[in-house]
Amino acid sequence: MRLYQQLILFMLAATVLPLAIVGFLLLSRSEHALAQRIDEQQRALATATAEAVEANLMEVVNGLARSAELLPWERATPDEVRGMLMLLYGQSTSVSAVIQADANGQPLGPAVFRSEEPLERHPAFDAARVRQLAHAVPVENFRDGGKGQTALGSAYVHAGSGVAAVAVAVKLGASEDAPYAIAELVFTQLEALLARRANDGQRLDVVDSEGRVVASSLATRRMVALEPELREALKSAPGAEGGRSFQLKDPARRVSVAWVNTLEMGIVVTEDEALALTPVRELRTTVLASVAGALVVLLALGALFTRRLDRRLADVVQGAEAYGRGELERRLRVEGQDELSELASTFNRMGEELEASRARLMSWNDDLRVRVEEATADLRAAQLQLVEAQKLAAVGQLGAGVAHEINNPLAGILGNVQLLLLDRAPDDMDFETLRKIEQSAKRCKDITQNLLRFSQQRERPDLRPIDLNAVVRDALSLTENQTRGEGIELVTELGTGVPRVKADPGHLSQVVLALLSNARTAMLKTPVKRLTLRTGERDGMCTLEVEDTGRGIAESIRPRIFEPFFTTKDIWSNVGLGLSVAWRIVTEAGGTLEVRSEEGQGARFTVVLPRA
């Protein structure tokens, strides 16, 4: 981290950061206090509105009860009943309709209601609306009451205009069979009251016990179901002193609820939290701007203070970079007697020592290079001798021994068997036995011939077009019985129509035998032993794959498997030249030797050779 950056961090930690932390703590406390004050104001508004709503509705209900109690309903004629209904209708503008119903709640006679035209009487009333109003109050529940007793029903949707309404039933006699006057009250006056009491950004709703909005300061919110959280709050609001306040999210709102217990209705005050907390958030913005301004001033002061130091430190950095590029003759200018001057002097002395050390190292390097070249030449000579010795030993043991000790007796056996076959008829009982002896002798002869061909390898490869499948078959004939005898499942997938490759047949046989030997060794201690040989084509090249289910090759040693004398065998039975020689033979033929393996997952060697 640069000096200028460290200085800025120090100034931030010492001044700006503490001020910012204290400021934001104070803002948080102010925001909390403002939120509490908003909640208190909301609860007070909700409580006062609940009392006003209760007084408004109860005034209408009590007026209807007093008027109904004073009127002589028992002796009135139909026209007089209609007139008395009109009197009830005129009690308040909140009354939108009045009907008469019997003790079972069935409508009696004409109805008086408010239509879309100005207030008027209608001899005929919409049957659906009459039924809705008649059943809005369960009048059978208070048959035992006296004249003038009232009952308030639950809120419902107005059948005519779609607005919310509530029904009030007034008993018109003292007997159980006395009729009832049922008045429909709409909430137009309540909505005007709510609109007057709602401040900017606030919304007041009157809700019923089922959590539905029956009146709102927004005239469009009628009979809308509240959110589940609000409904739960309404259930716990009855009996709470001063109402309840809480916060809602998505979007953020502050809500207060007060309950009108006599009417089973609640007042919900909702206010946008962002608008309510605007003063505190504006203050937070001001604090942020102040902190940012202070930071800018600190940056400017820090830049002026560190400019001179940066220039001198830049000289030191350039000198160090020059030393890194090998320019050890570079020297720094010494100015004054401060700490940076001492650093420049020390730097110059270090350069002198490094320059002298480099001269000594260059001299040692020349001597070391000569010695390495001599050792490398000796190593190459030794490697060639080992490879030749391994090849001569194999050729001497397999070629000469097998050819001279087995081939001649085998020829005599084969000749005698063929003579015996000439003297036997095909249906002779010994004919099939002699034929099997002939086949086995021929197979042994083929093996000895392959060994002889393998022993006739030359120092320089004789590259010529050869059949890759034939080379694989010849190599398998030498090790197939031994492989199967070790319990290894041998799978050959030789592709049909594989083009000829350009390679030395003897050398290529040596590659196949080396890969087969390594695969067999890798599967000595594995539970599943399967060796697969397949030939084919890929991208215009011929391929030979040798895949085993052995212990695999660890990633750490995979880059070294083609090094001479490197071996991972548990029992050191070779000099570690098999893969090294195979790689050299393949590259001399213009091909590549690829390996794909994971530890514990087997290995796959792929020989890629050019087409002839």
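Leaving aside neighbours within four places in sequence, Thr479 is in contact (heavy atoms within 4.5 Å) with Leu513, Leu516 and Arg520. Thr479 is placed in helix 10 and counts as buried at 11% relative accessibility. Buried means under 20% relative accessible area, exposed over 50%, and partly exposed in between, with a 1.4 Å probe and protein chains only. This is a predicted model, in which local features need pLDDT of at least 70 and side-chain atom pairs count only at pLDDT 80 or more, while totals for chains, interfaces and linings use all residues. Residues are numbered from 1 along each chain as its sequence is written, and side-chain values use heavy atoms, with hydrogens and water left out.

**Whole protein**

- The secondary structure comes to 12 helices and 17 strands; helices (H or I, at least four residues) and strands (E, at least two) are DSSP runs numbered from the N terminus.
- Of the 612 residues in the protein, 40% are buried.
- Among contacts between residues at least 6 apart in sequence, 62% join residues at least 24 apart.
- The protein exposes about 34,200 Å², and carbon and sulfur atoms supply 54% of that area. Accessible areas come from the Shrake-Rupley method with a 1.4 Å probe; for residues, only the protein chains shown count as cover.

- An open sheet of 5 strands has the order 12-14-15-17-16, with mixed pairing; two strands pair if DSSP finds at least two bridges between them.
- Strand 12 (489-494) and strand 16 (592-597) are at the edges with a single partner strand each, so one side of each has no neighbour in the sheet.
- From one strand to the next, the twist averages 15 degrees. Axes are lines fitted to C-alpha atoms, for helices over the stretch in contact, and angles run from 0 to 180 degrees between N-to-C directions.
- Strand 12 and strand 14 (residues 530-538) run parallel and are joined by 6 bridges; Leu490 stands opposite Leu531 in strand 14.
- Helix 10 (residues 468-485) packs on this sheet, touching strand 12, strand 14 and strand 15 (541-548), and its direction makes about 170 degrees with that of strand 12.
- Asp539 lies in the loop between strand 14 and strand 15. Its phi is near 55 degrees, a positive value in a residue other than glycine, and Asp539 is exposed, with a relative accessible area of 75%.

- Another open sheet of 5 strands has antiparallel pairing and the order 7-6-10-9-8.
- Strand 7 (213-216) and strand 8 (244-248) form the edges; each has a single partner strand, so one side of each is left without a neighbour in the sheet.
- The twist here averages 25 degrees from one strand to the next.
- Strand 9 (residues 253-260) and strand 10 (residues 265-272) run antiparallel and are joined by 8 bridges. Val260 has Met265 in strand 10 as its bridge partner.
- Helix 4 (residues 188-197) lies across strand 6 (202-208) and strand 7, at about 55 degrees to strand 7.

**Partly exposed helix residues**

- Ile21 lies in helix 1 (residues 3-70) and counts as partly exposed at 44% relative accessibility.
- Gln318 lies in helix 7 (residues 278-324) and counts as partly exposed at 39% relative accessibility.
- Gln318 and Leu332 are 14 residues apart in sequence and 9.2 Å apart in space, C-alpha to C-alpha.
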